[in-house]
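Please keep the sequence and the structure in view while reading.

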Amino acid sequence: MRRLTFLVLGILLPALPAAAGQVTIDFDGLAAGSVITNQYVHATFSSSSGNHNKALFAGSGNVLFTGPVGGALTGIEDTYIDFLYPVNGLTFTAVQPNGAGTVATFKVFEDGVHTASVPLIGLGGPGSKQVDLSSYRNVTRLEIVDIDPDPAENGVAWDDFSFVPIPDPYVYCT
C-alpha cells in the first residue's frame, strides 16, 4: 500500500501547477492589430457582443483597445477578463483616462461572485493611471464597463495586467 501511495503521488504531483508567482500581461508580444482573446495561459479576454479587444501600438508598445468588429477602434466598449485560477494582487494601467470624474467602472468578481464595482476617476488631462485592485482576493473575473463615451476623450486603453494566480490543486485530484 505504501508503494502504491508513492506511485500515485509520483504521478499526480508533477501534474500540479507550480506556484506561478507574479504574472504580467503587457500585449507587446502580439502583432499590432491582433484580436486579443485566449493568447495568455492565465487570462482570457473578451468584450460585449459585436465588439472585440485589439492590440494597438501606442508609442513604446501595445495596449489593449476596444472597438466594434469590423469598425474603428473607439476605446469605449466593455472588456471582460476571466482568470484560469483565482488571482490576488491585481493591478494594471489605464492609458489616457483623460476625462474628469468617473471614466470607467471595474466590476470585481471574487470566487465567482460580483463583490464590488470600483469607479476609475479620470485624470482630467493626458497621462496614464495605475489601477490597484490588490485589496480584492481570489478574483475570478474583471469587467471593465461604463467607459466614458465622450468623443473628445478618445476612450481608454489598458495595459500591464499584473497578478498572482492561486492554482486549485483539487482540480487535479478529482
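A nonpolar core is a set of buried Ala, Val, Leu, Ile, Met, Phe, Trp, Tyr and Cys residues joined through side-chain atoms within 4.5 Å. Buried means under 20% relative accessible area, exposed over 50%, and partly exposed in between, with a 1.4 Å probe and protein chains only. The model is predicted: local features need pLDDT of at least 70, side-chain atom pairs count only at pLDDT 80 or more, and totals for chains, interfaces and linings use all residues. Residues are numbered from 1 along each chain as its sequence is written, and side-chain values use heavy atoms, with hydrogens and water left out.

The pLDDT, the predictor's confidence in each residue from 0 to 100, averages 88 over the protein, and 84% of the residues score at least 70. Residues 2-18 have a pLDDT below 50, and this stretch has nine contacts in the model beyond near neighbours in sequence. A contact means heavy atoms within 4.5 Å.

The largest nonpolar core has 34 residues, of which Phe45, Phe92, Phe106, Leu133, Leu142, Trp158 and Phe161 touch the most other members. At least two residues of this core come from each of β1 (23-25), β2 (43-47), β5 (79-95), β6 (102-110), β7 (113-121), β9 and β10. Strands here are DSSP runs (E, at least two residues), numbered from the N terminus. β5 gives the most to the core, with six residues. In general, nonpolar side chains tend to be buried together in soluble globular proteins.

Leaving out residues up to four places away in sequence, Phe45 touches Phe161 as well as others, including Ile25, Leu64 and Ile81. Thr91 lies in strand β5 and counts as buried because its relative accessibility is 17%.

Asp150 sits in the loop between β9 (139-145) and β10 (157-165). Its relative accessibility is 33%, so Asp150 counts as partly exposed. Asp150 and Gly99 are 51 residues apart in sequence, but their C-alpha atoms are 8.2 Å apart in space.

Gly99 also lines the largest cavity, along with Gln96, Pro97, Asn98, Ile147, Asp148, Glu153, Gly155 and Val156. A cavity is a set of points on a 1 Å grid over the protein atoms alone where a 1.4 Å probe fits but cannot get out, and lining residues have an atom within 4 Å of a point. The volume of the largest cavity is about 30 Å³.

Technical notes
Helix = DSSP H or I, 4+ residues; strand = E, 2+ residues; numbered from the N terminus. 1 Å grid on protein atoms, 1.4 Å probe; cavity = no way out; pocket = protein on both sides within 12 Å on 5 of 7 lines; lining within 4 Å. Points joined across faces, edges and corners; volume = space filled by probe spheres on them.
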